[in-house]
Amino acid sequence: PRNGTLDDKVLADAVHPGDYAAALKGKWVRASCRRGKQLWLELSESPTGPTSLCLLLHLGMTGSVVIRGIGAAHYKNFTVDCTSWPPRFTKLELTLAAHKGKSKQEAVVVAFPDPRRFGRVLLRHTSDATSCPPVSALAADPIASPPTLDDFSTKLKRLSAPVKAVLLDQSKIVCGVGNWVADECLWQAKINPSSPANSLSEPQLAALHAALLSVCTEACACNAESDRFPRTWLFHYRWANQTSGSIDSPLGKIHFETVGGRTTAFIPALQRKGLATPKPASAQKASKEAKGSKAVKAVKAAAAAIEASVTSEASAGRKAAKPRSTPKTSSAASDIADGAASGSANVENGAAAAAADAKRACIAALAAEAPVKAPRARAAPVNKSRKRSRSDAALTQPELDEGAATAAATTATAATTTATATAAAA
């Protein structure tokens, strides 16, 4: 900057004011490169040496590259002040001393002014800037490496965000597309910017792909000189300095609203919403549901086996007890048995002990539904395992409910253990 103070927001890699100067001084420029909105210089230690450092430059909202004696480019929304050198708001100034034989040519001086400070100047100690962020995170470049229609369509179909927001995301489909370019592409494809990306029909996807490549190619061919853009472009009529409402134009009534966090210009009468029905679930979600279905089948099969075992042991307990009569009770114990059977379904995944506890609790509850007077000696394991009391001959309903609650608590513990084991296995 003019006052010599380091702008550590724009020059984000600097720790000390002299870091950039020390890294760049004496380096040779081997190549200038671009992907999307990211520019960079490949630098080496000698004229013929390999690339060892990359100087990355992103213009942000108001950044520009100015060469002394040549002047600055003209922009729609701001003007670069070149009345003095370096220009006002300069963040970085480079002096390039070219040599031709033994006669030293006049140095070329380049400045990077950025009033709003959204630009970035970064250093990457690598021979390939595309192998590390931020360049490695960028999607395909519509000029240097345009995506095929199949790849373009496949990626859009997976996304439910507004199609304009997807186009602006530099990591999703393509990089280098800014606000007005996205609006221009959607206008030429006659697609409403707020349409979900996965709602576009096949003809709409093809039209958007063609418009994207056409707009970017034409703009570069015109050297970004907007006066040379075709008069049918929305670009010429969208600059109304408003974020909502509508204006008249030769193309139709242009409406403004916010889509994807950016002011969006489009013509509702001519730009249609997506014509395809969005799928309720992505392919990935469907795959997970299919796996879940297999797991449910396995659990049901295991539950059926446990239920059969519980019923068999409960029947044996009743026969050994030789009940005199069976009072009418609630179906709590039966429900508990079903719960225990379901809760202990996945015994192969580490819940065998918990399932056994739940099963024994169910057997005890089922046996309690057929109370009898205490026999002197019985072989049934249920009667051996508990001490008989005077009330065993005729248990009251509250006592039965208390026993059912105890068994239910045991069943819930078994189900929780089984669920945990199932989740771990999944």
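Student: Before we start, what should I keep in mind about the model?

Tutor: It's predicted, so local features need pLDDT of at least 70 and side-chain atom pairs count only at pLDDT 80 or more, while totals for chains, interfaces and linings use all residues. Residues are numbered from 1 along each chain as its sequence is written, and side-chain values use heavy atoms, with hydrogens and water left out.

Student: What makes Y75 and F78 a stacked pair?

Tutor: Rings of Phe, Tyr and Trp (its six-membered ring) pair if their centres lie within 6.5 Å; planes under 30 degrees apart are stacked, over 60 edge-to-face, and the rest tilted. Y75 and F78 sit 4.5 Å centre to centre with 15 degrees between the planes, so they pass as a pair and land in the stacked class.

Student: And why is F229 with F235 called edge-to-face?

Tutor: Their ring centres are 5.2 Å apart and their planes stand at 75 degrees, so that pair is edge-to-face. By this rule the model has seven aromatic pairs, and ring pairs link W180, F229, W233, F235 and W239 into a cluster.

Student: Back to Y75 and F78: why is one called partly exposed and the other buried?

Tutor: Buried means under 20% relative accessible area, exposed means over 50%, and partly exposed is in between (1.4 Å probe, protein chains only). Y75 has 33%, so it is partly exposed, while F78 has 16%, so it is buried. F229 and F235 are both buried.

Student: What makes A224 exposed?

Tutor: A224 has 60% relative accessibility, so it counts as exposed. Its backbone deserves a look as well: phi of A224 is near 60 degrees, a positive value in a residue other than glycine. You'll find A224 in the loop between α5 and β10.

Student: Which other residue has a positive phi although it is not a glycine?

Tutor: R117, with phi of about 65 degrees. R117 lies in the loop between β8 (108–113) and β9, and at 32% relative accessible area R117 is partly exposed. As background, most residues other than glycine have a negative phi, and most peptide bonds are trans.

Student: Where are the cis peptide bonds of P86 and P134?

Tutor: One joins W85 and P86, with omega about -5 degrees, and P86 is in the loop between β4 (66–67) and β5 (90–96). Another joins P133 and P134, with omega about 5 degrees; P134 is in the loop between β9 and α2 (149–157).

Student: How do you know that β1 and β2 pair?

Tutor: Strands (E, at least two residues) and helices (H or I, at least four) are DSSP runs, numbered from the N terminus, and two strands pair if DSSP finds at least two bridges between them. β1 and β2 (residues 38–44) have seven bridges, in the antiparallel sense, so they meet that rule. A31, for one, stands opposite E42 in β2.

Student: What makes β1 and β9 edge strands?

Tutor: The sheet is open, with four strands in the order β1-β2-β3-β9 and antiparallel pairing. β1 (28–35) and β9 (120–124) each pair on one side only.

Student: What about the sheet with β10, β11 and β12: which way do its strands pair?

Tutor: Antiparallel again, in an open sheet ordered β10-β11-β12. β10 and β11 (residues 254–259) share three bridges, and five bridges join β11 to β12. β11 and β12 form a hairpin with two residues between them, and G260 in the turn has a positive phi of about 65 degrees.

Student: What makes the largest pocket a pocket?

Tutor: On a 1 Å grid over the protein atoms alone, a cavity is a set of points where a 1.4 Å probe fits but cannot get out; a pocket is an open set with protein on both sides within 12 Å along at least five of seven lines, and lining residues have an atom within 4 Å of a point. The largest pocket has a volume of about 2,300 Å³. Of the 49 residues lining it, the closest to its centre are L59, Y75, W180, V181 and A224. α5 gives the most to the lining, with four residues.

Terms used: Grid points are joined across faces, edges and corners, and a volume is the space filled by probe spheres set on the points.
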